[in-house]
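Q: Hi! I have a structure open and I'd like to talk it through with you. Can we start with the strands and then look at the helices?

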Amino acid sequence: MLKKVLLVVLLVLVVLGIFYRELISYGYMQAKGQVSILFNTRPVAEVLQDPTLPDSLKQRLKLIGEIKQFAIDSLGLDSSGSYTEFYDQGGKPILWVLTACEKFQMKPKQWSFPIIGTFSYKGFFDTTRAYTEEKTLLAAGFDTQINEVSAWSTLGFFKDPILSSMLYRGEGSLANLIIHEMTHGTLFVKDNLELNENLASFVGDYGAVRFMEAKYGKNAPQLERYEFRKRYNDALSQHIVRGANQLDSLYKKFRPSFATSLKDSLKTTKIQHIVQSSDTLLGGLVGKKYPWRGKKLPNNAFFIGYLTYHSQQNQFNKEFNERFKGNFRAYLSYLKTKYPTSF
């Protein structure tokens with residue numbers, strides 16, 4: 001009887017291995033990459049005693065500790081034990097994210113993963129594998145984009161380390177990044193990536209300003225630099241989100257009778273207009289430094305990325321200020337009740 005049970009279990013495992021071979025292989029690759037990082041971290045306290053690390057970078061490590069404590073004490077975010085370890089990237093990126101979108105629809109490709117749910121992007125610790133999958137998607141007719149990633153959250157499953165690349169950010173940018181990722185570890189809604197990223201972006205922006213005011217003062221040059229950059233980034237994001245909505249409206253007007261060449265032409269013309277009209281933002285400042293200057297025209301995957309992170313910013317701001325009168329702890333408590341973490 002026992003032999004029969006073991007044989008059935010073995011057969012089930014073989015069948016699962018055949019049908020989910022790609023998922024198992026991908027999961028192994030990601031686990032290997034994450035474990036490699038975790039096993040090569042050093043305690044921050046130890047790194048601070050390292051005589052080979054410049055004092056300027058040690059100050060950044062201490063600043064991260066202050067940001068984390070502020071996020072816990074003043075914003076009510078969860079600690080999850082993150083940012084107590086340090087990982088030296090050796091000046092190299094370690095994670096890439098692949099995004100894909102339908103060619104004539106503002107509809108991202110979705111990837112589903114056990115436990116954590118569905119995402120409109122896919123991360124890779126192996127850049128070769130990322131580009132191999134991108135080629136497959138391009139052949140299937142998708143618009144694609146691959147970006148390097150500066151940070152990510154393991155949603156409390158592991159203690160997220162400080163990456164060496166973080167230490168070269170400005171004070172405000174660093175605060176935004178840490179608070180953004182801590183928000184994911186505090187509240188994460190399964191199968192709703194757009195809400196998760198928009199919420200984390202909202203909290204990251206809000207928290208960074210509050211931290212800078214508390215540490216440096218409301219008229220400090222550090223805060224002025226951050227707020228100027230925030231105005232630039234907000235103008236940039238809003239313009240791209242508007243562009244994404246314009247493309248979505250265009251695609252909805254396409255008819256089955258339209259030739260692919262006609263749809264391509266209309267799409268290219270619209271994207272060119274979005275790029276060229278950026279010249280008027282903030283007196284031309286944004287247009288001069290736009291991320292696509294000197295590069296090929298962006299595609300749908302580029303626009304989807306901005307929708308994922310910035311399309312709901314005004315909604316969060318309005319709800320926070322009008323309904324909760326700027327009381328962040330009350331707002332966070334409300335959000336936890338409305339969007340309970342589902343794993």
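Predicted model: local features only at pLDDT ≥ 70, side-chain atom pairs only at ≥ 80, totals over all residues.

Q: Which residue of S7 stands opposite Trp96?

A: That is Glu148. On S6, Trp96 stands opposite Phe124.

Q: How many bridges pair S3 with S6, and in what sense?

A: There are 3 bridges between S3 and strand S6 (residues 122–124), and the pairing is antiparallel.

Q: What holds strands of a sheet together, in general?

A: They pair through backbone hydrogen bonds, and the pairing can be parallel or antiparallel.

Q: Back to S3. How many of its residues are buried?

A: 6 of its 6 residues, so to speak a mostly covered strand. Trp96, Leu98 and Ala100 are buried on one side of S3, and Val97, Thr99 and Cys101 are buried on the other.

Q: OK, helices now. Where do H7 and H11 sit relative to each other?

A: The axes of H7 (residues 193–216) and H11 (residues 300–310) come within 6 Å and cross at roughly 65 degrees. That angle makes H7 roughly perpendicular to H11.

Q: Which residues meet there?

A: From H7 you have Leu193, Glu194, Glu197, Asn198 and Ser201, and from H11 they meet Leu307, Thr308, Tyr309 and His310. By class, the contact of H7 with H11 has 3 nonpolar, 4 polar and 2 charged residues.

Q: And what about H6 and H8, at what angle do they pack?

A: Helix H6 (residues 171–186) packs at about 65 degrees to helix H8 (residues 221–252), and their axes are 8 Å apart. H6 and H8 are therefore roughly perpendicular to each other.

Q: Which residues make that contact?

A: H6 brings Glu171, Gly172, Ser173 and Asn176, while H8 brings Gln222, Arg225 and Tyr226. The contact of H6 with H8 divides into 1 nonpolar, 4 polar and 2 charged residues.

Q: New topic: H12. Which of its residues are buried?

A: In helix H12 (residues 313–323), the buried ones are Gln313, Phe316, Glu319 and Phe320. Looking down the axis of H12, you find these buried residues within an arc of 140 degrees, so they line one face of the helix.

Q: What is on the other side of H12?

A: There you'll find Asn314, Gln315, Lys318 and Arg323, which are exposed.

Q: And what do the buried residues of H12 pack against?

A: Three helices: H7, H11 and H13 (328–338).

Notes:
Residues numbered from 1 in each chain as written. Heavy atoms only, no water. Axes fitted to C-alpha atoms, helices over the stretch in contact; angles between N-to-C directions. Helix = DSSP H or I, 4+ residues; strand = E, 2+ residues; numbered from the N terminus. Parallel < 35°, antiparallel > 145°, perpendicular 65-115°, else oblique. Contact = heavy atoms within 4.5 Å. Nonpolar A, V, L, I, M, F, W, Y, C, P; charged D, E, K, R; others polar. Buried < 20%, exposed > 50% of the residue type's maximum accessible area, 1.4 Å probe, protein only. Pairing = 2+ DSSP bridges. Arc of directions from axis to C-beta.
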